[in-house]
Amino acid sequence: MTSVPAATEAAAPVDPEVAAVVLDLLTAGRAAAAPPATAPAGAPSPGPLLGVWAHPDDETYLSGALMATAAHLGARVVCVTATRGELGGLVPPGSPPGLTLDRLRVAELAEALDVLGVREQVLLGLPDGGCAQVAPAGPPGPAGPVERIAGIIRELRPAVVVTFGPDGFTGHPDHRAVSAWTTTAFARAAPDGARLLYAAASTDHRERTRDVDELLGIAVDGADLDGDDGPVVPPGALAVRLNLAGRLLERKVAALRAHASQTAGALAALGPDRFAGWVAEEAFVDHRGRVSP
Ligand SMILES: [Zn+2]
């Protein structure tokens, strides 16, 4: 795993309500252990958080505040990104000669993780737009994506793994492939008590932001976000919901600004307040909990 340089600020701002949710998430099912320095005395130690995503920026849109809060609580946080995002647009005019989009996006990812206080990342280096064509198991041995992710899970022993659901959140084929790989890897390698969570959105957040999703064309390949197989579920069906405000939301937006090749257009189109409102929820369902109660 690659170590990311230390965060620009030692202590990420943490919302107490969000911190309580994240601490509960990362300590449930774990035996009490020595508390980290930043947790209240006597609190159980939060277990590691692993995120597995497809492109640079997925991690921040879907779990930036979760990662920042977990890191602040002293949890080990590892971010896996399958591709370098080399198909995601164009190198901005005025960039240094020779700068390629994949190099730019990897640099943006490192900066975003720095903003969030995430110190460990893994780049799988798979082809952007081509994940669905990568054989899930890959060649025999450890080179395939499933076994690479399983290897990370065995080493990290995460309390929680977050990734896309089979819907791919937006329907993107790379997202769907990463969901399938991670789900198989989790089944193969996760320690007892670990939870696998899929990125989702609440129906009420979706209603508040539907116009933004449509303006930005979030659904791809004709995906029906609101359908029975989509990521939008009633609040009661969510396993975890973080409602972001204040400095934590500002921190997430700052990390998204670091992904400038992907977010500058949306920020300009929406303005900072509407953009912040659009990204102010992070929500997840248990991987077996897709059915509404
Ligand atoms: Zn993506």
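Covering goes by contact, where two C-beta atoms, placed from the backbone, lie within 7 Å. Helices (H or I, at least four residues) and strands (E, at least two) are DSSP runs numbered from the N terminus.

This is a predicted model, so local features need pLDDT of at least 70 and side-chain atom pairs count only at pLDDT 80 or more, while totals for chains, interfaces and linings use all residues. Residues are numbered from 1 along each chain as its sequence is written.

Staying with α5, 12 of its 17 residues are buried, which leaves the helix mostly covered. Among them are D174, H175, R176, W181 and F186. On length, 17 residues at 1.5 Å a residue should span 24 Å, and the end C-alpha atoms of α5 are 24 Å apart, which agrees. The expected span is 1.5 Å times one less than the number of residues.

Now the neighbour, α4. How do the axes of α4 and α5 meet? Helix α4 (residues 145–156) and helix α5 (residues 173–189) have axes that come within 8 Å and cross at roughly 45°. That makes α4 oblique to α5, oblique being what remains once angles under 35 degrees (roughly parallel), over 145 (roughly antiparallel) and 65 to 115 (roughly perpendicular) are taken out. The axes are lines fitted to C-alpha atoms, for helices over the stretch in contact, with angles from 0 to 180 degrees between N-to-C directions.

From α4 the contact takes P145, V146, I149, A150, I153 and R154, and from α5 it takes W181, T182, T184, A185, F186, R188 and A189. By class, that contact has 9 nonpolar, 2 polar and 2 charged residues. Nonpolar covers Ala, Val, Leu, Ile, Met, Phe, Trp, Tyr, Cys and Pro; charged covers Asp, Glu, Lys and Arg; the others, Gly among them, are polar.

Next, helix α7 (residues 246–258). Its buried residues include L248, L249, R251 and K252. They pack against α1 (16–27), α2 (58–72), α3 (101–116), α8 (260–270) and α9 (272–278).

Last, α1. In α1, V18, V22, L23, L25, L26 and T27 are buried, and the buried residues of α1 pack against β2, α2, β5, β8 (240–243) and α7. Just after α1, G29 takes a positive phi of about 80°.

Terms used: A residue is buried if 20 or more other C-beta atoms lie within 10 Å of its own, exposed if 12 or fewer, and partly exposed in between; C-beta atoms are placed from the backbone.
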